[in-house]
Amino acid sequence: MLEQATGPTLLQNAESVNAMSEALKYRPGWQEVLINQDAQLIWQRLYQLIETQVSDETTRVMKTQELFLQLLAERRIDRYIEEELSDREIEDDLISQLL
């Protein structure tokens, strides 16, 4: 006698994959990242931004560390939130700090 499958159906698996795919596409804006105070995500976003400007891996890590500490020391995060700067304005300001 055949036993009935108890695991998820192919349709359920496909729906799960689609949901995960959509979740991976979502990228929160800078305001959301900063308001949530997610240090790891802030670091990742800074690194991704610096990656567009600096080719050397070691330099990218050092610049990310410098910029991250500068954001904290100069309270730039608070300023970005209070002034409701757009992603573009925040990234322009961050890039200007690299120069």
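The dialogue below goes from the core to one helix, then to charged pairs and loops.

Student: What kind of model is this, and how are residues numbered?

Tutor: This is a predicted model, in which local features need pLDDT of at least 70, side-chain atom pairs count only at pLDDT 80 or more, and totals for chains, interfaces and linings use all residues. Residues are numbered from 1 along each chain as its sequence is written, and side-chain values use heavy atoms, with hydrogens and water left out.

Student: Which residues touch the most other members of the largest nonpolar core?

Tutor: Start with the term. A nonpolar core is a set of buried Ala, Val, Leu, Ile, Met, Phe, Trp, Tyr and Cys residues joined through side-chain atoms within 4.5 Å. Buried means under 20% relative accessible area, exposed means over 50%, and partly exposed is in between (1.4 Å probe, protein chains only). Here the largest core has 17 residues. Leu34, Ile42, Leu46, Leu71, Tyr80, Ile90 and Leu94 touch the most other members.

Student: Which elements give two or more residues to this core?

Tutor: Helices (H or I, at least four residues) and strands (E, at least two) are DSSP runs, numbered from the N terminus. The elements in question are α2 (30–35), α3 (39–51), α4 (57–73), α5 (76–82) and α6 (87–98). Of these, α3 gives the most, with four residues.

Student: What is tyrosine 80 in contact with, leaving aside its neighbours within four places in sequence?

Tutor: Contact means heavy atoms within 4.5 Å. Tyrosine 80 is in contact with Gln31, Leu34, Leu71, Leu85, Ile90, Asp93 and Leu94.

Student: Which residues of α4 are buried?

Tutor: They are Arg60, Thr64, Leu67, Phe68 and Leu71. Look down the axis of α4: its buried residues fall within an arc of 100°, so they line one face of the helix. That arc is taken from the directions from the helix axis to the C-beta atoms. The face turned away from the buried side carries the exposed residues Thr58 and Ala73. The cover over the buried residues of α4 includes α3, α5 and α6.

Student: Is threonine 64 buried or exposed?

Tutor: Threonine 64 is buried, with a relative accessible area of 0%. Its side chain reaches the backbone oxygen of arginine 60 at 2.7 Å. Leaving aside neighbours within four places in sequence, threonine 64 is in contact with Trp43, Leu46, Tyr47 and Ile50.

Student: Now the charged pairs. How many salt bridges does the count come to?

Tutor: Side chains of opposite charge can pair when their charged atoms come close. The rule for a salt bridge is a side-chain nitrogen of Lys or Arg within 4 Å of a carboxyl oxygen of Asp or Glu. By this rule the count comes to seven. In one of them, glutamate 66 pairs with lysine 63, with the closest N and O atoms 3.9 Å apart.

Student: How are glutamate 66 and lysine 63 placed in helix α4?

Tutor: They are three residues apart, which means a separation of about one helical turn. Glutamate 66 is partly exposed, at 44% relative accessible area. Lysine 63 is partly exposed too, at 26%.

Student: Which parts of the chain does the pair of arginine 76 and aspartate 93 link?

Tutor: Their side chains meet in a salt bridge at 3.4 Å, N to O. The pair links distant parts of the chain: arginine 76 is in helix α5 and aspartate 93 in helix α6, 17 residues apart. Both residues are buried. Salt bridges that share partners join Glu74, Arg76, Arg79 and Asp93 into one network.

Student: Last, the loops. Where is arginine 75, and what is its phi?

Tutor: Arginine 75 sits in the loop between α4 and α5. Its phi is near 55°, a positive value in a residue other than glycine. Arginine 75 is exposed, at 56% relative accessibility. Its side chain meets that of aspartate 78 in a salt bridge (2.6 Å, N to O). Aspartate 78 is partly exposed, at 27%.

Student: What about glutamate 84?

Tutor: Glutamate 84 has a positive phi of about 50°, although it is not a glycine. Its place is in the loop between α5 and α6. Glutamate 84 is exposed, with a relative accessible area of 67%.

Notes
A polar contact is a pair of N or O atoms within 3.5 Å; within protein, one must be able to donate a hydrogen and the other to accept it, and residues adjacent in sequence count only if both atoms are side-chain atoms.
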